[in-house]
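I opened the notebook to record what packs against what in this model, element by element. The entries follow the order in which I looked things up.

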Amino acid sequence: MSVNPNEKPEEGGEKPEVPEPSAKPEPPVVPEPPAKSVMPEKPVAPAVEGGESAPAAAAAAPGGGAGAGAPSGRRRLADALWPPRVTRAQLVVALLLACLGFGLAIQVSSTSEGSALRGARQEDLVRILDELDDRTQRLEDEKARLEKQRSELESSSDQAEEARRQTQEKERQLGILAGTVAAEGPGITLTVTDPVGAVESDMLLDAIQELRAAGAEAIQVDGVRVVANSYFTGGGEDMRIDGTPVTAPYVFKVIGKPEDLEPALNIPGGVVQTLEKEQATATVERSAKIVVDALRPAKRPDYARSSSP
């Protein structure tokens with residue numbers, strides 16, 4: 001039976017039950033808004049001809065895809081390295097490194113040049129030092145001789161006769177050097193055997209240069225007089241000196257101080273060791289008398305004339 005609230009209850013009747021108000025009503029549940037995406041939404045690309053959308057066309061193209069527009073790591077590295085961004089500090093460091101490299105190159109070059117003597121034995125170094133002392137002594141003796149000649153010319157009562165005597169002596173010495181007169185004196189005999197034909201002309205020329213540096217005054221090789229303008233050509237079985245054929249064994253007759261000539265050939269890396277590397281043999285024999293009798297014709301100069309009256 002329903003009860004009308006507007007109706008008044010009858011007296012003596014029972015009051016209708018009114019439901020008690022409930023506790024505090026619960027607040028309505030409000031739905032949370034959806035979380036926004038960090039990445040912006042891609043706009044919808046318009047459709048291209050053929051009914052395909054732009055992303056589909058990009059994916060179909062070569063190299064396309066989601067990351068086609070982003071630069072690759074190699075591209076970013078190239079962009080970071082070029083064009084170069086050079087600072088003043090980097091330029092200073094580069095300049096210092098260049099100077100350091102140049103100094104190291106010079107140091108290595110100087111070290112390699114002295115490596116031949118660095119590895120020499122003490123006896124060889126002493127011999128080389130003795131040779132230098134001997135050369136210095138020869139130069140001092142030559143200086144003293146020339147000063148003596150000048151003094152004799154200045155103090156002689158008959159200066160004309162003294163000048164003539166010295167001129168003749170000088171002519172004899174020049175004749176020996178030019179190979180126009182025979183000579184004799186102490187020296188050495190160098191014999192070079194070449195069983196395999198490996199000796200070249202430059203090796204014999206090196207021997208001549210070493211002998212001249214050691215004070216050789218007259219040299220003869222297999223009957224050919226060697227002078228300042230002599231030349232060596234060929235090698236092996238076709239060795240020639242000034243155009244004259246010579247054959248092994250090559251015999252050098254050298255006039256000079258034996259104590260200087262022999263050590264000059266035996267220095268480390270010198271003539272004897274070079275020939276031995278080519279399977280040749282070089283023997284040196286000292287002698288108190290060496291005769292150099294091969295002569296060269298005196299050649300009259302075509303253009304040069306004496307300037308003295």
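Contact here means heavy atoms within 4.5 Å, and helices (H or I, at least four residues) and strands (E, at least two) are DSSP runs, numbered from the N terminus. I note that this is a predicted model, in which local features need pLDDT of at least 70 and side-chain atom pairs count only at pLDDT 80 or more, while totals for chains, interfaces and linings use all residues. Residues are numbered from 1 along each chain as its sequence is written, and side-chain values use heavy atoms, with hydrogens and water left out.

I then asked how many residues of helix 8 are buried. The helix is mostly covered, with 6 of its 8 residues buried, where buried means under 20% relative accessible area, exposed over 50%, and partly exposed in between (1.4 Å probe, protein chains only). The buried residues are Pro-258, Asp-260, Leu-261, Pro-263, Ala-264 and Leu-265.

Next I looked at the pair of helices. Two packed helices are described by the angle between their axes and the distance between the axes. For helix 7 (residues 201-213) and helix 8, the axes come within 9 Å and cross at roughly 145°. On the helix 7 side the contact is made by Ala-207, Glu-210 and Leu-211, and on the helix 8 side by Leu-261, Ala-264 and Leu-265. I sorted these residues into 5 nonpolar, no polar and 1 charged, counting Ala, Val, Leu, Ile, Met, Phe, Trp, Tyr, Cys and Pro as nonpolar, Asp, Glu, Lys and Arg as charged, and the others, Gly among them, as polar.

Strand 1 is joined to strand 8 by 10 bridges and to strand 7 by 6 bridges. Val-192 has the bridge partner Ala-282 in strand 8 and Tyr-250 in strand 7, while Ile-188 is partnered in strand 7 by Val-254. Strand 2 (residues 218-221) pairs with strand 7 over 4 bridges; there I noted Gln-220 with Lys-253 and Val-221 with Phe-252.

I also checked the other open sheet, whose 3 strands have the order 4-5-6 with antiparallel pairing. Its edge strands are strand 4 (232-233) and strand 6 (244-246). Strand 4 and strand 5 (residues 239-241) pair over 2 bridges, and Thr-233 has Arg-240 of strand 5 as its bridge partner.

I then looked up the nonpolar cores, each a set of buried Ala, Val, Leu, Ile, Met, Phe, Trp, Tyr and Cys residues joined through side-chain atoms within 4.5 Å. The largest has 30 residues, and those with the most contacts inside it are Val-199, Leu-211, Ile-219, Tyr-250, Phe-252, Val-254 and Leu-275. Helix 7 gives the most to this core, with 5 residues. Not counting residues up to four places away in sequence, Leu-275 touches Val-192, Val-199, Met-203, Ala-280 and Ala-282.

My last entry is on Val-284, which is found in strand 8. Is Val-284 buried or partly exposed? Val-284 is partly exposed, with a relative accessible area of 23%. Leaving aside neighbours within four places in sequence, Val-284 is in contact with Ile-188, Thr-189, Leu-190, Glu-262 and Leu-265.

Definitions and conventions: Axes fitted to C-alpha atoms, helices over the stretch in contact; angles between N-to-C directions. Pairing = 2+ DSSP bridges.
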